[in-house]
Amino acid sequence: MARSDPSPPKEILATDAGEDGYLTGQLLVAMPGMSDPRFARSVICLCAHSAEGAMGIVLNQPLPKLTFDDLLAQLKLDPVPPARRIRLTQGGPVEGGRGFVLHTADWETEGSLKVADDLALTASVEILKAIAEGGGPREGVLALGYAGWGPGQLDDEIQANAWLNVPADEALLFAEQPDQLWRAAMARLGIDPSALSGSAGHA
């Protein structure tokens, strides 16, 4: 499944979004028969997908023991408490101590990755400071870690019916109830999860 090496996927992130045949900017939805427990019922925003591999952020694995206020305090960022807060998620098994903010593209800084026309990914502390002060992007979610795949690995998993894909929208990306996200994403595809098995076909 997702790779566990600590190096950032620079070669993946350098690719342009929207290449033909790739799913950058879409959501991956785990099939009920997902064999990797780390990704059971997960919904992942694919931030990059190319021949070089793929990188995504898991959206529905909350971090109950860490709050936005806690994180700002650890980074010694003021104000605490902040004027704004965003939801935190465990973004994946790779580099769990590294933070990424997936956000609307109405705010960007140097180094922000354009995921889609209206979506970006930023890994700098600057965005956290902006949000805490009441500014920053209109919507966002802070992820610790990411999910990564080597060349062709995700494509093989999709062919093996491990994942479905669904177009992303703000209601799914920034859902206030992440525990309902998997079913909501399935519903967008017109699928009743209880009617699926791990060997069912994929969209």
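**Salt bridges and a buried serine**

Biologist: Where do the side chains of Glu95 and Arg98 meet?

Modeller: The side chains of Glu95 and Arg98 meet in a salt bridge, at 3.5 Å from N to O. A salt bridge is a side-chain nitrogen of Lys or Arg within 4 Å of a carboxyl oxygen of Asp or Glu. This is a predicted model, in which local features need pLDDT of at least 70, side-chain atom pairs count only at pLDDT 80 or more, and totals for chains, interfaces and linings use all residues. Residues are numbered from 1 along each chain as its sequence is written, and side-chain values use heavy atoms, with hydrogens and water left out.

Biologist: How many salt bridges does a search of the whole structure find?

Modeller: The search finds seven. One of them joins Arg188 and Asp169 at 2.2 Å, N to O. Arg188 lies in helix H6 (residues 181-188) and Asp169 in the loop between strand S9 (163-167) and helix H5 (170-173), so this pair ties together parts that are 19 residues apart in sequence. Helices (H or I, at least four residues) and strands (E, at least two) are DSSP runs, numbered from the N terminus.

Biologist: Is Ser42 buried or exposed?

Modeller: Buried means under 20% relative accessible area, exposed over 50%, and partly exposed in between (1.4 Å probe, protein chains only). Ser42 has a relative accessible area of 0% and is therefore buried. By comparison, Arg188 is partly exposed at 44%.

Biologist: Which backbone oxygen does the side chain of Ser42 reach?

Modeller: The side chain of Ser42 reaches the backbone oxygen of Phe39 at 2.7 Å.

Definitions and conventions:
Polar contact = N/O pair within 3.5 Å; in protein donor to acceptor, adjacent residues only side chain to side chain.
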